[in-house]
Amino acid sequence: MSAVKPVPSNQPIAKKSWGEAAKAYLDSRVIIMLFLGFSAGVPILLIFSSLSLWLREAGIDRGVVTMFSWAALGYSFKFIWAPLIDALPVPFLTKWLGRRRSWMVVSQLLIVLAILLMATVNPVSEEVLVYMAGAAVLLGFSSATQDIVIDAYRIELAPPSMQSILSSIYVSGYRIGMIIAGAGALYLADYFGSTEAFYSYEAWRNTYYIMAGVMSLGILTTFASYEPTAEILQRHKQKRNLKVFLVYSALLLIPGLLFGLVYLVNMLVNMALDNTMSLIPLAAMPTIKLYFLAMVAAAPLLLLYFMINQPKIVNKAPLVAETREDYVRLVFLFVFAVVAFIAAYVLTGQVVPEFDGVFVSFISETLHLLTSLAVALATGYALVQVGLVKKEIAMATWIEPIVDFFRRYGKKALLLLALIGLYRISDIVAGVISNVFYQDMGFSKTDIANAVKLVGVIMAIGGGFLGGLLAQRFRIMHAMMIGALLACATNLLFVVLSYNPGSLPIMYMAVIFDNLAAGLASAVFIAFLSALTSIRFTAVQYAIFSSLMTLIPKVMGGYSGSIVDSMGYPFFFVFTFAIGIPILALIYFVDKHIVIGDNDDIYDDDDSNSDGQPSLTKANPSLTDTKAPPRATE
């Protein structure tokens, strides 16, 4: 049976009151996802902006600095090894923690290791940069792996009706993690004594050591949470762990939120009145710092407690590979395919000529990536044919998740893939050049940092909360329509700013509404992708969706500078608005012809149809068969 069928026009829409929608944020799973989102948001800026500033202060050439961004390519190609996350257990850890949490711990420990390795390198000369690059690649790979596992964990943790809330709180945690690793790292490096005029390796080393310590919050959350698809035999231990974790979270979050709000109001008031008034007494600052240091210092002790107090579990989720030999063969197949992809990308890059036109260059680079991917797929296929991996295991690992998606949605799956690949194109393409735009408009680095890195991020967090409420209050596709419309329409505010360079009020208005729209669109879109994902193939399918989500916009965004040079900023931002309009039509057609998850409230009355196949029900929202592992709430 396919999940694709026309949506009756008189179908009742599932609506909740605003109070009921907001009440969902009190669920303990929301706190778990907030901290896991924080853990996912910390590593990415340690590869991008924070690392870039470190290297620039160390005197490394700008061209070499920008090459380090390639270390994060794992985020765009994580779908290649995501099947291994579903297929392979982690020795010892899977039996102890379960399939998802075991991989989560491994990825988090690798992230900590990569950050510590980066901290041990003083990049004052290009001779040692190879070690820094290796550590950065490890950080990109391990953090992308953590994203794969957390996304799968979130989808398995709760039914589709909760996904909008979990998605919005995940985005909020992610943004907070980015603040800590972005602005927080810069403040620390400055505090320890490294500036653009006077470079201090020890300052950046200590900063990255602290960032490695911050990741302990993610590891702590992993051990305090529970495996969604496993049977818990000692529930009293798990309840105790959750209760202790929630108390610790309250002691950390509530004072932190209050302090953050007062600090933000203080900063905005001082900017508006041009003075240095302090709403927080200076005499209280040592006590406040001591309190938060004590809370952070308590994390390792709590982690030890949770490790000792882990309940026994029985894993229910089936694994594709059953023997150790199968594990090893799958890993070798993956390694050979990756080597083939890299080799093909490098070799074809040397052969393909460079083009001057923006559109032609975009098409050329897209074909370059697709050709390299085709070579990797052909290598994998050839290795399966010669017997490196059993055909049935290779099919179940890499092919069946894709076949399952097309089986459930039929030909309309192409419509869904088009929407996934293009939904965020308007704001992502515009965002690539935003910081350069602010500089060209005459704003200082301080103006940009205050507006974009602080106020903008806070508004994005608020947008995430609003997106979660909208997706709870209305059908998911209606929330998607609102998010898409706001995401493209807010780009017109930058047209206004381009005609009023240097105007701080207009800049703040543009930043506030743009980030609010981006946060809202991100939250509802993640909920949409989660609803599309089958619980049988959560890691693989969601990794494919999330990679496709950013691939086309990022490739096109690489040519945003050329468009601006040719046509100017007003045309560019009108262009980014215009390319968002067709997305509204895509959303309309998807809403009209395809059933999406639980929020659409469209279910058959019986448990099966005339063919004896499972029907779309709240217990079976992805039309998986009855062998699918149950969620923790079912």
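# Exercises on a predicted chain

At 6% relative accessibility, Arg99 counts as buried (buried is under 20% relative accessible area, exposed is over 50%, and partly exposed falls in between, with a 1.4 Å probe and protein chains only). The model is predicted, so local features need pLDDT of at least 70 and side-chain atom pairs count only at pLDDT 80 or more, while totals for chains, interfaces and linings use all residues. Residues are numbered from 1 along each chain as its sequence is written, and side-chain values use heavy atoms, with hydrogens and water left out.

## Exercise 1: the whole chain

Work out how many helices and strands the protein chain has, and what share of its residues is buried.

- Step 1. Count the elements: the protein chain has 27 helices and two strands. These are DSSP runs numbered from the N terminus: helices are H or I with at least four residues, strands are E with at least two.
- Step 2. Go inside: buried residues are 52% of the 634 in the protein chain.
- Step 3. Check the contacts (heavy atoms within 4.5 Å). Of those with a separation of 6 or more, 81% come from residues 24 or more positions apart.

## Exercise 2: the partner of Arg99

Find the residue that forms a salt bridge with Arg99, and say how far apart their closest N and O atoms are.

- Step 1. Recall the cut-off: a side-chain nitrogen of Lys or Arg lies within 4 Å of a carboxyl oxygen of Asp or Glu.
- Step 2. The partner is Glu156, at 3.6 Å. Arg99 sits in helix α7 (residues 99-119) and Glu156 in helix α8 (residues 129-157), so the pair links distant parts of the chain, 57 residues apart.
- Step 3. Look at burial: Glu156 has 0% relative accessibility, so Glu156 counts as buried.
- Step 4. Widen the view. Arg100 joins Arg99 and Glu156 in a network of salt bridges, and the structure holds nine salt bridges.

## Exercise 3: two more pairs

Compare where the pairs Glu231–Lys316 and Arg408–Asp404 sit.

- Step 1. Glu231 and Lys316 meet through their side chains, 3.3 Å from N to O.
- Step 2. Glu231 is partly exposed at 36% relative accessible area, and Lys316 is partly exposed at 46%.
- Step 3. Arg408 pairs with Asp404 at 2.9 Å between the closest N and O atoms. Both lie in helix α16 (residues 391-409), four residues apart, or about one turn of the helix.
- Step 4. Arg408 and Asp404 are both buried.

## Exercise 4: helix lengths

- Step 1. See what is tucked away. Buried residues of α10 include Tyr201, Trp204 and Met211, and the elements covering the buried residues of α10 include α2 (28-47), α7 and α9 (160-191). In α14, the buried residues include Asp326, Phe334 and Phe341.

## Exercise 5: nonpolar inside and out

Identify the residues with the most contacts inside the largest nonpolar core, then a nonpolar patch on the surface.

- Step 1. A nonpolar core joins buried Ala, Val, Leu, Ile, Met, Phe, Trp, Tyr and Cys through side-chain atoms within 4.5 Å. The largest has 169 residues, and Leu419, Tyr423, Tyr438 and Phe528 have the most contacts inside it.
- Step 2. Leaving out residues up to four places away in sequence, Tyr423 touches residues including Met480, Phe525 and Ile587.
- Step 3. On the surface, Val262, Val265, Met277 and Leu279 form a nonpolar patch with about 300 Å² of accessible area together. Patches take residues with over 30% relative accessible area and no salt bridge, joining like charges within 9 Å and nonpolar side chains (Val, Leu, Ile, Met, Phe, Trp, Tyr) within 5 Å.
- Step 4. Leu279, in the loop between α12 (235-273) and α13 (285-308), is partly exposed at 42%.

Note on methods: Accessible areas come from the Shrake-Rupley method with a 1.4 Å probe; for residues, only the protein chains shown count as cover.
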